[in-house]
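Trainee: Before we start, I would like to go through the terms used for this model and ask what stands behind each of them.

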Amino acid sequence: MSRKMYSIYHFFAQLYRNRKVLEFVDKLDDFPWDRELFSYEGRGRFPDFAIRVNPAGDPPGGELVEVKDSKSYRVSSFNSTIPTGTKQIAELTSGKRSIIREQMEAAGDHIHSLPLREVYYLLRGKSKGSCKIFLVHGNFFETVKVEELIQQAFGQVLEERLGQEDEAITPELYALLLRIFSRQDSFSKVRHVAKASVKLRFRIMTEVKKEGNIFNSKLYPQIADNTINLVIPQHSDADIARRKRHLRQALAKAELAQGTEFTITHPFNGDFFGLSYSL
C-alpha cells in the first residue's frame, strides 16, 4: 500500500480530475476540495490553504495557496498581502496568526521542518463564455522583492511630498525612512490613538499590471481559452526536471500524456513551464 503524498502537484491533480466542476461551480468555496491535502484552511486571510508537509520530504509539500476568482480575464486585486513566490512560515504562525499554527499542529504537521514555503495562486477568470484556470507560482507576480517594491513605492511618495515642501531632509534621514517603511507589517498593524473613537490600519492593495496578467492572450498566446494550466518557474534545467518528476508522482502516465506542455516568457522574470489541459 503506497503512502499518501501531499504537494502542490497532488493539489493540481485534484483540480484536473475535477476540472468540469471547477469550471462551472458558482463559488470556489463550493468546490469539493480534498481536505486531507490541507493542514490549514481559512477564509479572509492569507493563505486560503496550506498543503501538508511530507515527512519524507520528496516532494516536501507544505505549499501555500491563495484563491482568486474573477468575472473577467483579469487577476483580482490582492488585498493586504502582496503576492510573493515564497513565504517564511514563521511569519504566519506567530502572534495574531496563531489560528494558522493551531490548525497546522492539530493536523499533525511538522510546521518548522520546512521554514520557507512556496506560494501558489489558483486563478479562475471568465470572459464572453470562455474560462481560463491557472495554478501559478507566485514568482510570476513577484518580479521585484516585496521589501524593495514597498521601499521604491514609498520613495516615490517621499519624493513627491518633498518636492512640495520648502525644507529638505538629509540623505541619511531619507535612507532611514525608506528602511523603516520597507516592511509590510509597518502598515498592517492596527494603530490605537489616545481619545480616538476609531482605530486605524493602513492596508496595501496590489493590482496586477498587464505584464503580470496571465489571462492576457496577446502577451501569452500559448494559453488557450477553456483550459486549466499549471505554471511554474523554469529558471534552471535541474529545477524543471525535479518539478516534472513530482508531476509524474501525482498524475498517471495517461493523464500526463493528455496534457500539452508549453513555455511562456514573462517580460520581467524569464521563462515559465506550463502544463495545459482542455476543460
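Mentor: Among what covers the buried residues of helix 4 are strand 1 (38-41), strand 2 (49-51) and helix 3 (90-93), where contact means heavy atoms within 4.5 Å. Helices (H or I, at least four residues) and strands (E, at least two) are DSSP runs, numbered from the N terminus. This is a predicted model, in which local features need pLDDT of at least 70 and side-chain atom pairs count only at pLDDT 80 or more, whereas totals for chains, interfaces and linings use all residues. Residues are numbered from 1 along each chain as its sequence is written, and side-chain values use heavy atoms, with hydrogens and water left out.

Trainee: Which residues of helix 4 are buried?

Mentor: In helix 4 (residues 98-106) they are Ser98, Ile100 and Met104. Because they cover an arc of only 155 degrees around the axis, taken from the directions from the helix axis to the C-beta atoms, they lie on the same side of helix 4.

Trainee: Why does Asn213 count as buried?

Mentor: Buried means under 20% relative accessible area (exposed is over 50%, partly exposed in between; 1.4 Å probe, protein chains only), and Asn213 has 6% relative accessibility, so it counts as buried. Leaving aside residues up to four places away in sequence, Asn213 touches Tyr73, Arg74, Val75, Val208 and Tyr220.

Trainee: What makes strand 9 largely enclosed by the rest of the structure?

Mentor: Strand 9 is described in that way because 7 of its 7 residues are buried.

Trainee: How do you know that strand 9 and strand 11 pair?

Mentor: Two strands pair if DSSP finds at least two bridges between them, and strand 9 and strand 11 (residues 270-278) have 7 bridges in the antiparallel sense.
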